[in-house]
Amino acid sequence: MTDDNLETVRRVYGAFAARDMKLIQEYFSDDVEVYQSPEVPWGGSYQGHHGLFSFLLKLIEHVESHVVTERLYAAGDHVLLTGRTQGKVLANGARFDVPIVHVWELRDGKVVRYESYIDGPAMLDALRR
């Protein structure tokens with residue numbers, strides 16, 4: 001199952017990059033929980049597909065970004081990513097390259113919880129420039 005979970009998470013990142021909402025929905029359980037560290041404008045806790053898409057819409061209203069994977073770890077039902085988010089702030093054009101950690105929990109091949117942690121001070125600095 002570990003290799004399957006890693007592959008699912010890789011596919012989710014591909015769907016995110018393509019902004020393929022139909023495919024994204026297929027990878028997440030109906031009762032998915034999404035958590036983003038609260039210091040950023042799109043931060044907070046979100047529930048279900050509606051919450052997932054609310055989170056993603058808030059994110060893309062503020063930044064144009066992509067994830068750069070440094071390491072991807074399998075840990076039972078969890079997959080951990082360490083990496084960076086790179087892009088620009090839409091309001092001011094500021095470029096950013098900020099460390100991130102993502103924690104994925106999967107059950108039966110679907111994401112049931114997604115946690116996203118970001119270097120808050122670095123991201124807030126870019127948002128305020």
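**Ground rules.** I count residues from 1 along each chain as its sequence is written, and side-chain values use heavy atoms, with hydrogens and water left out. Because this is a predicted model, I take local features only at pLDDT of at least 70 and side-chain atom pairs only at pLDDT 80 or more, while totals for chains, interfaces and linings use all residues.

**Helix H1.** I started with H1, residues 2-18. Helices here are DSSP runs of H or I with at least four residues, strands are runs of E with at least two, and both are numbered from the N terminus. I checked the length of H1: at 1.5 Å a residue, its 17 residues should span 24 Å, and the end C-alpha atoms are 25 Å apart, which agrees. The expected span is 1.5 Å times one less than the number of residues. Just after H1, I noted that Arg-19 takes a positive phi of about 55°.

**Which residues of H1 are buried?** I found Asn-5, Leu-6, Thr-8, Val-9, Val-12, Tyr-13, Ala-15 and Phe-16. Buried means under 20% relative accessible area, exposed means over 50%, and partly exposed lies in between (1.4 Å probe, protein chains only). Thr-8 has 10% relative accessibility, so it counts as buried. I then looked up what Thr-8 touches: leaving aside neighbours within four places in sequence, Thr-8 is in contact with Tyr-27, Leu-106 and Gly-109. Contact means heavy atoms within 4.5 Å.

**The sheet.** Next I traced an open sheet of 6 strands, in the order E2-E1-E6-E5-E4-E3, with mixed pairing. Its edge strands are E2 (44-47) and E3 (63-75), each pairing on one side only. Two strands pair if DSSP finds at least two bridges between them. Neighbouring strands are turned by 20° against each other on average, direction ignored.

**What packs on the sheet?** H1 does, touching E1, E3, E4 (78-89), E5 (95-107) and E6, and its direction makes about 135° with that of E5. Helix H4 (residues 120-128) also packs there, touching E3, E4, E5 and E6, at about 130° to the direction of E5. For these angles, axes are lines fitted to C-alpha atoms, for helices over the stretch in contact, and angles run from 0 to 180 degrees between N-to-C directions.

**Strand E1 and its partners.** I followed E1 (residues 28-36) on to E6 (residues 110-118): they pair in the parallel sense over 5 bridges. Phe-28 has Val-111 as its bridge partner in E6, and Gln-36 stands opposite Ser-116 in E6. With E2, E1 pairs in the antiparallel sense over 4 bridges, and there Gln-36 stands opposite Gly-44.

**Ring pairs.** I get 10 aromatic pairs in the structure. Rings of Phe, Tyr and Trp (its six-membered ring) pair if their centres lie within 6.5 Å; planes under 30 degrees apart count as stacked, over 60 as edge-to-face and the rest as tilted. Phe-16 and Phe-28 are stacked, 6.2 Å centre to centre with 25° between the planes. This pair links helix H1 to strand E1, 12 residues apart, and both Phe-16 and Phe-28 are buried. Tyr-35 and Tyr-117 have ring centres 5.7 Å apart and planes at 50°, so the pair is tilted. Tyr-35 sits in E1 and Tyr-117 in E6, 82 residues apart. I have Tyr-117 down as partly exposed, at 32% relative accessible area.

**Last entry.** Ring pairs link Tyr-13, Phe-16, Phe-28, Tyr-46, Phe-55, Trp-104 and Tyr-114 into a cluster.
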